[in-house]
Amino acid sequence: MAEQEYRIESDTIGPVKIPKDALWGPQTERSRNNFPSGELMPLQIIRAFLHLKKAAAQSNVEVGDEPEEKGKAIEDAIDHLLALSDEELRKDFPLHVLQTGSGTQSNMNVNEVVANLANKLHPGLDILPNDDVNRGQSSNDTYPTAMNIVAVEAIDKLEPAIEHLISELKEKQNKYWKTVKVGRTHLQDATPLTFGQEVSGYISALKHDLEYIRQLKPTLYELAIGGTAVGTGLNAAPGMTEKIAGKLSEVYGHEFKVDTNKFWGLAHHSGIDVMHGALKTLAADMFKIAQDIRFLASGPRAGYNELNIPANEPGSSIMPGKVNPTQAEAVTMAAAKVFGNDTTITFTASQGNFEMNVYKTVMIAAFLDSCDILTGTITGFADKMIHGLTVNADRMDDLLENSLMTVTALSPHIGYHEAATIAQTADKEGTTLREAALKSGKVTEEQYNEWMDLLKMTNIDRSKPED
């Protein structure tokens with residue numbers, strides 16, 4: 001940097017050249033130069049930090065551990081920053097995820113920016129990043145607190161996406177509740193079911209996934225704030241952290257609490273780990289659903305061709321008129337990414353050496369990535385594939401008519417062995433099941449018509465659509 005482009009500030013290590021107009025200070029600048037690789041720190045984390053620092057400043061004033069004028073100046077600076085757009089906010093928070101695993105540099109980035117802006121807005125107060133903005137706190141308890149806050153926020157956005165997909169699937173379930181088709185197990189023909197029944201299985205999977213997520217969500221409400229450096233709470237004023245939890249609960253609409261074991265809160269991130277396990281389960285179910293639908297829509301002439309999918313864009317740069325299941329492909333790719341993120345989170349959660357886990361930044365980045373891509377692809381799948389999905393009833397009827405596994409309905413009447421012989425004869429001679437059954441002499445045409453009621457085989461009168 002040319003001399004006129006920078007200013008010099010010092011930290012405990014020594015002087016640092018900082019861009020002249022930057023709001024950050026020396027520790028941010030060191031990190032910016034020392035760790036230039038990978039994705040930037042998610043702005044969700046920065047905003048959570050700002051809310052946390054605001055709550056801490058207010059709480060410190062209320063318990064008498066911070067002068068009121070300094071607390072108000074910190075609050076004013078934070079309100080100014082929270083009002084910025086993401087693009088504007090990013091200018092002051094340039095650090096990367098791949099930094100110290102405790103997130104110390106991002107904590108200090110927030111402390112420095114807030115302090116410098118507070119001093120600009122309130123000249124003469126001499127507000128300091130460590131002594132004032134970070135009062136009663138440590139990176140070791142603020143970063144995991146921010147982690148849980150943003151994880152809850154991300155889940156809040158994911159839940160409606162799952163509910164929306166369930167709603168779209170219910171419409172198809174109800175519309176095609178009595179549309180009979182071939183069932184398939186082991187990728188081979190099986191007994192009939194209706195497409196509505198098949199879809200009801202998808203709905204039930206997603207409802208279970210949603211319930212797992214909701215049952216696990218409260219573990220994220222347990223905040224590490226108050227543990228400070230190693231969990232003992234050194235330098236945190238009595239009553240401060242309880243007040244912080246109350247203020248954060250008002251901001252985010254969840255009942256955050258701080259009456260938890262801080263040694264656990266700093267060294268373990270069990271809540272993030274177990275919740276991501278539920279996200280992995282959701283991703284696995286979404287993969288299965290998307291896979292089923294794209295296979296059932298395969299064709300249109302050389303595949304299953306039981307479903308018609310919307311043509312959202314041309315499917316090929318060389319083959320005119322081709323339609324591809326792109327929304328399903330996006331879901332399955334997102335699922336693959338979530339599986340990878342789960343491996344990252346499982347490993348990083350195991351690395352709580354002694355009093356602190358030092359993989360915090362990459363852990364929460366992976367968690368947020370999973371939430372973001374699941375929310376986006378599930379919404380796209382619901383709106384751009386399921387909503388416009390229709391059934392090719394003629395194709396379903398043709399496949400059902402040629403299926404041999406409907407012979408299962410004859411088994412209670414003529415026995416398993418005789419029924420198997422009929423199916424094998426039809427397959428070997430290339431005839432229909434009806435022809436083979438009548439030819440066997442074991443079944444009359446009247447009996448065949450009575451016993452081979454395809455809709456009755458689905459037990460549709462005993463089952464009901466998902467509510």
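Q: What makes a run of residues a helix here?
A: A DSSP run of H or I with at least four residues counts as a helix. In this predicted model, Asn-357 sits in the loop between helix H12 (326-349) and helix H13 (360-386).

Q: Why is Asn-357 called buried?
A: Buried means under 20% relative accessible area. Asn-357 has 0%, so Asn-357 is buried.

Q: What makes the pair of Asn-357 and Thr-348 a polar contact?
A: The cut-off is 3.5 Å between N or O atoms. A polar atom of the Asn-357 side chain lies 2.7 Å from the backbone oxygen of Thr-348. That is within the limit, so the pair counts.

Q: Which residues does Asn-357 touch, not counting those up to four places away in sequence?
A: Among them are Gly-101, Leu-266, His-269, Gln-351 and Met-363. Contact means heavy atoms within 4.5 Å.

Q: Which residues does the UniProt annotation "active site" cover?
A: The unreviewed entry gives His-186 and Ser-316. They are spread over 131 residues of sequence, and up to 31.1 Å apart between C-alpha atoms.

Q: Why does His-186 count as exposed?
A: Exposed means over 50%. His-186 has 76% relative accessibility, so His-186 counts as exposed. His-186 is in the loop between strand S3 (180-185) and strand S4 (188-194).

Q: Why is Ser-316 called partly exposed?
A: Ser-316 has 22%, so Ser-316 counts as partly exposed. Ser-316 is in the loop between strand S5 (307-308) and H12. A polar atom of the Ser-316 side chain lies 3.0 Å from the backbone nitrogen of Ile-318.

Technical notes. Residues are numbered from 1 along each chain as its sequence is written. This is a predicted model: local features need pLDDT of at least 70, side-chain atom pairs count only at pLDDT 80 or more; totals for chains, interfaces and linings use all residues. Side-chain values use heavy atoms; hydrogens and water are left out. Helices (H or I, at least four residues) and strands (E, at least two) are DSSP runs, numbered from the N terminus. Buried means under 20% relative accessible area, exposed over 50%, partly exposed in between (1.4 Å probe, protein chains only). A polar contact is a pair of N or O atoms within 3.5 Å; within protein, one must be able to donate a hydrogen and the other to accept it, and residues adjacent in sequence count only if both atoms are side-chain atoms. UniProt positions are given in the numbering used here, feature names are shortened, and annotations may be inferred rather than shown by experiment.
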